[in-house]
Amino acid sequence: MERTVLWGWPRLLLLLLWVSGFQAIGEEDRKMCLLEGRNLTIACAYNIMFYATSLKAWQRVRSQGPPETLVRTNTRNMDRNWARAGRYLLEDEPNSSGFFVTVTELQRQDLGLYQCVIDLSPRTPQVLLPRIRLVQCGDLPSLASGSSNFPMLPIVLMCGFVLNKCLVFSVLFVLLRKVWASGEANPGKQPNQLPGS
């Protein structure tokens, strides 16, 4: 009975490891401070296995009607794709599984909700979360001092992700060592008996 319980743990830990890679639920919108006259660059990550050669787009989401596509790539190269439309520049780098959108010379009328999408025309586009909500700096007092805090967020998120994976692998390793040390490496094989016993 003990052996069955121990062999179930690695499967459970592998399932936890798999589930821990999903994006956090409830992370639909991220507020960012609009600083008039400055440029804003947004990084959008996607699954390279599914969307490396798909078209990418940056959209503005209005309260009514469909989203307005502001800039969209037109090529499907594996090294680099880019598109420019007015103040919007989209640079797709499939090898790094992400694309960047730069909005130049932000203006007050840029306030609102935006989203990065994988354009799967004629099917519904795949929205990449979190969506970006540009707000007045007064609405976010901690970000009003400037944009020096923004580059820190991806670093903190990546460190948390790596620590999460290390913890799950450590627990899995300890449990497997415990099973191997107890001599149950092959659960179907009977231990060798000494002759004459």
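# Strand pairing and ring contacts

Trainee: Which strand does strand 2 pair with, and in what sense?

Mentor: Strand 2 and strand 7 (residues 98–103) run antiparallel, paired over 6 bridges. Pairing needs at least two DSSP bridges between the strands; strands are DSSP E runs of at least two residues and helices H or I runs of at least four, numbered from the N terminus. This is a predicted model, with local features needing pLDDT of at least 70 and side-chain atom pairs pLDDT 80 or more, while totals for chains, interfaces and linings use all residues. Residues are numbered from 1 along each chain as its sequence is written, and side-chain values use heavy atoms, without hydrogens or water.

Trainee: Where's the bridge partner of Thr41?

Mentor: In strand 7, at Thr102. Thr41 is on the uncovered face of strand 2 (residues 40–45), along with Ala43 and Ala45.

Trainee: And which residues make up the covered face of strand 2?

Mentor: Leu40, Ile42 and Cys44. In a regular strand, side chains alternate between the sheet's two faces.

Trainee: Switching to rings. How many aromatic pairs are there?

Mentor: The count is 3. Rings of Phe, Tyr and Trp (its six-membered ring) pair with centres within 6.5 Å; planes under 30 degrees apart are stacked, over 60 edge-to-face, the rest tilted. One of them is Tyr46 with Phe99, tilted because the planes are at 35°, with centres 6.2 Å apart.

Trainee: Is Tyr46 buried or exposed?

Mentor: Buried, at 7% relative accessible area, and Phe99 is buried as well, at 0%. The cut-offs are under 20% for buried, over 50% for exposed and partly exposed in between, with a 1.4 Å probe and protein chains only.

Trainee: How are the rings of Phe50 and Tyr51 arranged?

Mentor: Their centres are 6.2 Å apart and their planes at 55°, so that pair is tilted. Phe50 is in helix 2 (residues 48–51) and exposed at 61%, whereas Tyr51 is buried at 18%.

Trainee: Back to Tyr46: what sits over its ring?

Mentor: The charged end of Lys56, 4.5 Å from the ring centre. The rule is NZ of Lys or CZ of Arg within 6 Å of the centre and within 35 degrees of the ring normal.

Trainee: Last one: how many residues apart are Pro130 and Glu28?

Mentor: They're 102 apart in sequence, but 4.7 Å apart in space, C-alpha to C-alpha. Pro130 is in strand 9 (residues 126–136) and counts as buried at 19%.
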